[in-house]
Amino acid sequence: MKGLFRIIRRYSLTAGLITVVILFCNGVLLMGIVYFTAWQEGADKYYGISLRLMERVGEGFGMEAEGYILNEKGRKLLEDSEFVWAMALDKEGTVVWEWKLPEEIPEQYSIQDVASFSRWYLSDYPVKAMVKGELLLVFGCDPEMVSRHNLVVSSVLMEHAPDYIKLIIMANLLVIAVVVLCFGYRFYDSMKPIAQGIESLAAQKPVRLKEKGAAGELAGKLNAASDLILEQNRVIAKRDYARTEWIAGVSHDIRTPLSMIVGHSDRLSKDETLSKENRMLAENIRRQSLIIRQLIADLNLTSKLAYQAQPLKKSRFQPAALARSCIADFYNEGLGGKREAEYEFETVIQEELEQVWIDADEKLLARAVRNLIGNSIRHNPKGCRIRVTVEEQREDIRFLVEDTGSGIPENVVQNMDAPDSTVHIMGLRLTEQIAKVHGGRLEFVRREDGRYDAGICFPRSC
């Protein structure tokens, strides 16, 4: 996770820096707009000097025999202000009053001098001038604290200000879009190998990424995970192969003695010299032996299907004929010892499927259908009505087995994907495996009583 945080932090800092730069540029622009506005409204606001203060100082002037004087209130205002000196000129340009006037400041001015310093500087002092009665009051500012600039704004500029603002906004959006695309591409380029590695990891393919750049640490973790998964898969494959071989070996070794048990018990069940009770015992042995043989065959087959060790032996046949053949097989085998009169079979086959031919593994599909029919017989020992339907669903063909008996309970349906379930559903799982190797699925149809019937559905071109 540290590598991921480092990538996020890196690009977050970059995005933050870009945002700061854009904000700075906009800030400069805003300051320029404020500057223009301030200059238009009055230079006193630009300097930070109050025009009201200058007026109040001007109100303190009076004329006496010795000349113009400033009262105590006005002098106090000057002392508390940011002005460093002040003077008053009469109509002839002569200094008639002064306050802290520096020596380098002249005491006589022409009209040209007044026009010059009132807009700029007087002996390097930024000044502010205002007319008060017959006097021109001039206030000097600290050159280290205040600077003065002259800016002339065209009326055309002001008229087109809304258009310029729109242009600035568009330029900002364009810059942001370009930056986002550039850094988005860089982020995509750095994360693309990681995404490809994850896809290869999901497909259980070897991952070998270059451990460099911003995503180098993540690449290293993916390489390590790939090595671990490959090693685990190798161990699992070895274990599964050993289990498959063991099941196949047990099935082979048990086949001969089991066949002898079935043969001897069959012969004893027909031996008239034995008592009826002993013949019934022999028949029960034969039936249970057949069940054991079927279970071993199912275990062997499900193991092969699970590890794709059972090749499909496709042939061309008719689904309708397959359904009828499965039902006939149960009758021929005596319904597993059940009384035939207690079971009633019905086939429902769509008319258009009567002449349909498909290419699939006929024996495996017959095994799946027989498992579903056998499930209905086995769980309804008192008999029931069994209906086998062959129908077309879109491009698929479905074999559905329904009965009027107990049906399949909810817990069986819920435990189909639980490999360690205590529910004995090997027959249904084998049916599901057969459907899957044909590209299909096992389906459960819910009844009104909450139980289920089952069927297999697979594509016509499987």
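In this predicted model, a polar atom of the Ser226 side chain lies 2.9 Å from the backbone nitrogen of Val207. Ser226 belongs to helix H8, which spans residues 216–269. Its relative accessibility is 1%, so Ser226 counts as buried, the cut-off being under 20%. Beyond residues up to four places away in sequence, Ser226 touches Leu201, Lys205, Pro206, Val207 and Arg208.

Two further helices, H11 (residues 362–378) and H13 (residues 426–437), pack with their axes 9 Å apart, at an angle of about 145°. The crossing of H11 past H13 is left-handed. The table lists the residues through which the two helices meet.

| Helix | Residues in the contact |
|---|---|
| H11 | Leu364, Leu365, Arg367, Ala368, Asn371 and Leu372 |
| H13 | Gly427, Leu428, Leu430, Thr431 and Ile434 |

By class, the residues of this contact comprise 7 nonpolar, 3 polar and 1 charged.

The largest nonpolar core holds 45 residues, of which Leu365, Ile373, Phe399 and Ile456 touch the most other members. H11 supplies the largest share of this core, 8 residues. A second, separate core has 18 residues, including Leu53, Leu78, Phe83 and Trp97.

Ile456 may be considered in more detail. Leaving aside residues up to four places away in sequence, Ile456 touches Leu365, Ala368, Val369, Leu372, Ile397, Arg398, Phe399, Thr431, Ala435, Arg441 and Leu442. Among these neighbours, Leu365, Ala368 and Leu372 of H11 and Thr431 of H13 also take part in the contact between the two helices.

Notes: Residues are numbered from 1 along each chain as its sequence is written. This is a predicted model: local features need pLDDT of at least 70, side-chain atom pairs count only at pLDDT 80 or more; totals for chains, interfaces and linings use all residues. Side-chain values use heavy atoms; hydrogens and water are left out. Axes are lines fitted to C-alpha atoms, for helices over the stretch in contact, and angles run from 0 to 180 degrees between N-to-C directions. Helices (H or I, at least four residues) and strands (E, at least two) are DSSP runs, numbered from the N terminus. A crossing is left-handed if the near helix is turned anticlockwise from the far one by less than a right angle, and right-handed if clockwise. Contact means heavy atoms within 4.5 Å. Ala, Val, Leu, Ile, Met, Phe, Trp, Tyr, Cys and Pro count as nonpolar, Asp, Glu, Lys and Arg as charged, and the others, Gly among them, as polar. Buried means under 20% relative accessible area, exposed over 50%, partly exposed in between (1.4 Å probe, protein chains only). A polar contact is a pair of N or O atoms within 3.5 Å; within protein, one must be able to donate a hydrogen and the other to accept it, and residues adjacent in sequence count only if both atoms are side-chain atoms. A nonpolar core is a set of buried Ala, Val, Leu, Ile, Met, Phe, Trp, Tyr and Cys residues joined through side-chain atoms within 4.5 Å.
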